[in-house]
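Visitor: I would like to learn how to read helix packing and a chain-to-chain contact. Can you take me through a case?
Guide: Gladly. Here it is.

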Protein chains: 2
Amino acid sequence: MSELKNDRFLRALLREPVDRTPVWMMRQAGRYLPEYRATRAKAGDFMSLCMNPELACEVTIQPLDRYPLDAAILFSDILTIPDAMGLGLRFAQGEGPQFDNPVRTEADVNKLFVPDPEGELKYVMDAVRTIRKELDGRVPLIGFSGSPWTLATYMVEGSGTKEYAHVKGMMFDRPDLMHKVLDTLAQSVTSYLNAQIAAGAQAVQIFDTWGGVLTPRDYKEFSLRYMKQIVDGLNRESEGRKVPVILFTKGGGQWLEDMADTGCDALGLDWTTDIGEARKRVGDKVALQGNMDPSMLYASPERIAEEVETILSSFGNGNGHVFNLGHGIHQHVDPEHAGAFIKAVTELSPKYHK
Amino acid sequence: MSELKNDRFLRALLREPVDRTPVWMMRQAGRYLPEYRATRAKAGDFMSLCMNPELACEVTIQPLDRYPLDAAILFSDILTIPDAMGLGLRFAQGEGPQFDNPVRTEADVNKLFVPDPEGELKYVMDAVRTIRKELDGRVPLIGFSGSPWTLATYMVEGSGTKEYAHVKGMMFDRPDLMHKVLDTLAQSVTSYLNAQIAAGAQAVQIFDTWGGVLTPRDYKEFSLRYMKQIVDGLNRESEGRKVPVILFTKGGGQWLEDMADTGCDALGLDWTTDIGEARKRVGDKVALQGNMDPSMLYASPERIAEEVETILSSFGNGNGHVFNLGHGIHQHVDPEHAGAFIKAVTELSPKYHK
């Protein structure tokens, strides 16, 4: 593998000194970019794009050609694992993901298995290998997975939900079944992320999109516990370097101390927590990634730069900050505004690293 | 007015001793009840039901006839104020509320005015008077309003949103305009709630449904500040009794101390905060209302009772707890399960008030 030319992102995750705060954007390869929409049109539907390593590589690289980003993130979907388990993933137009075979009964649960990352999920590993080759050491590549709880939410509901009737019904009334689902998922995610690391991922992030809809008790028992199981099982070194692990629970601002105790290297923060307060709470246990409100990209470039300064100054001097949005970039954002955001981070952050 | 036969709810909000923890449910007059659906069908559309004082009274009382609830809440919509401002509220089938004339420009903002509660909004005050008469002192009647930020979100977006592009765009780039909208709304809500109190409301709740989508800085400047302005302007006594004020910010668990500092009497909690921890944080400044996950009502009656006990025991002995769900009851809940919830509170709570 080529030597890494820009390791700011990896160094910041390990709280090592950097010349400026590294920056990337969740969902940076996405619909707000016209070049993404063109490649997506070529691929056909969304999953065909995910399953084509060359096209997945193409959209992964696109934002790097536009902006001075410090990391690339594998282009894929969070629902690849349940799809590989045979649940039949579909993306209905304008309706979000749906499963043909949701997991509702004990019989459904008993059919679940740990997919082979180089079998059913080989297309993901091929994408990782293709992207690493194409990146040629330009920036590090981030691998990722959904958290067990987040995957289970989609698998049990079968589609998006506001009420979580099925998945919480199972959690409340059949915790034994829910734990079985989550344990199988934790094993699957561990093996999936380790395979991504073996294929070339240089850091990994676990996206816990739905952890924030739980009570504190249920969060610890049904989401955080299984993320810790994954953190414990990951290969944390590859190619002679540490492979940092980032945990991101949307709406998890009240539980940062518990998240930091899992042994991960960094926490992703959404924008409802002040990053300076978060830093005080977690001390030097973990680095922090975030946390500008993604809707700020609808504001003027001047206002965006002002907000970047506010967040940099709230974090303060020193190591351990990766700049990012607090959630994925919205599809209707003007790419020029995304550029203004990234430029502001690169220009305003060096003074915090003197 | 008739003497109040059950004042548990009012006493608990003022942290006075009670024989058991009082209980009511947000959205207790709602679609999960077949009798509500029957009255709603009779009324035609949703706003016709809100605007008909006799039918609004009928649905307000319905849950009291089924369950031993300790409070009634005015049946109305949170968007009555913007509707009275001439924005043209509509409920499209399956799409949630929409405004024909969203507030986007300076000219739109300049047209806003404080509606006369006994003019454009007289139908609401008539409903309050009708319900109070019909209740005949059975339990106290809660009046309510949306918070200024929550109303502004709907008014500027014109409909539901996940991205808040318009309202946050205005907040970020034209804070002067946004403050003007919010100040007009704070004046309107103050006058609206004072009129409800004059008409017979015995407690009031401010619903800040969308405060939780803001950064801590923006929450304080654009949501909390205007709720405090309202609290400061309310008539806190009526019919020789104190009229308690409850603030509820969904997703506001990180800001409870700031909310308690507004001078309100009680905070509504969603289910993502442990109520015992919340009690430690706010001390004896305010009472707490909440906070069972509404999805718990999809579980078995046994599991529901177990969760009620967990929450009661987390709050612990002593005064200042009103039991409620952490958000409105979901429409697909079995009314028997709602009954099991209320029964559990009445049966399990007396031991915490010895």
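Visitor: At what angle do helix 8 and helix 10 of chain B pack, and how far apart are their axes?
Guide: Start with the general idea. A packed pair of helices is described by the angle between the axes and the distance between them. Now the case, in what is a predicted model. Helix 8 (residues 148-157) and helix 10 (residues 175-199) of chain B pack at about 120°, their axes 9 Å apart. Angles of 65 to 115 degrees would count as roughly perpendicular, and those over 145 as roughly antiparallel. Helix 8 and helix 10 of chain B are therefore oblique to each other. Their crossing is right-handed.

Visitor: Which residues make that contact between helix 8 and helix 10 of chain B?
Guide: Helix 8 of chain B brings P148(B), W149(B), L151(B) and A152(B). Helix 10 of chain B brings V181(B), L182(B), L185(B), A186(B) and V189(B). The count is 9 nonpolar, no polar and no charged.

Visitor: Now the two chains. How many residues does each give to the contact?
Guide: Chain A gives 26 residues and chain B gives 26 residues. On the chain A side, helix 9 (residues 165-173) gives the most, with 5 residues. That side divides into 8 nonpolar, 12 polar and 6 charged residues.

Visitor: What rotation superposes chain A on chain B?
Guide: A rotation of 180°, with 0.0 Å of shift along its axis and an RMSD of 0.0 Å. That is the relation of a two-fold axis. In chain A, Q254(A) has the C-alpha nearest the axis, 3.2 Å from it. Both copies use the same surface: 100% of the contact residues of chain A recur in chain B.

Notes. Residues numbered from 1 in each chain as written. Chains lettered and ligands numbered in written order. Predicted model: local features only at pLDDT ≥ 70, side-chain atom pairs only at ≥ 80, totals over all residues. Contact = placed C-beta atoms within 7 Å. Helix = DSSP H or I, 4+ residues; strand = E, 2+ residues; numbered from the N terminus. Nonpolar A, V, L, I, M, F, W, Y, C, P; charged D, E, K, R; others polar. Least-squares fit on C-alpha atoms with pLDDT ≥ 70 in both. Axes fitted to C-alpha atoms, helices over the stretch in contact; angles between N-to-C directions. Parallel < 35°, antiparallel > 145°, perpendicular 65-115°, else oblique. Left-handed = near helix turned anticlockwise from the far one by under 90°.
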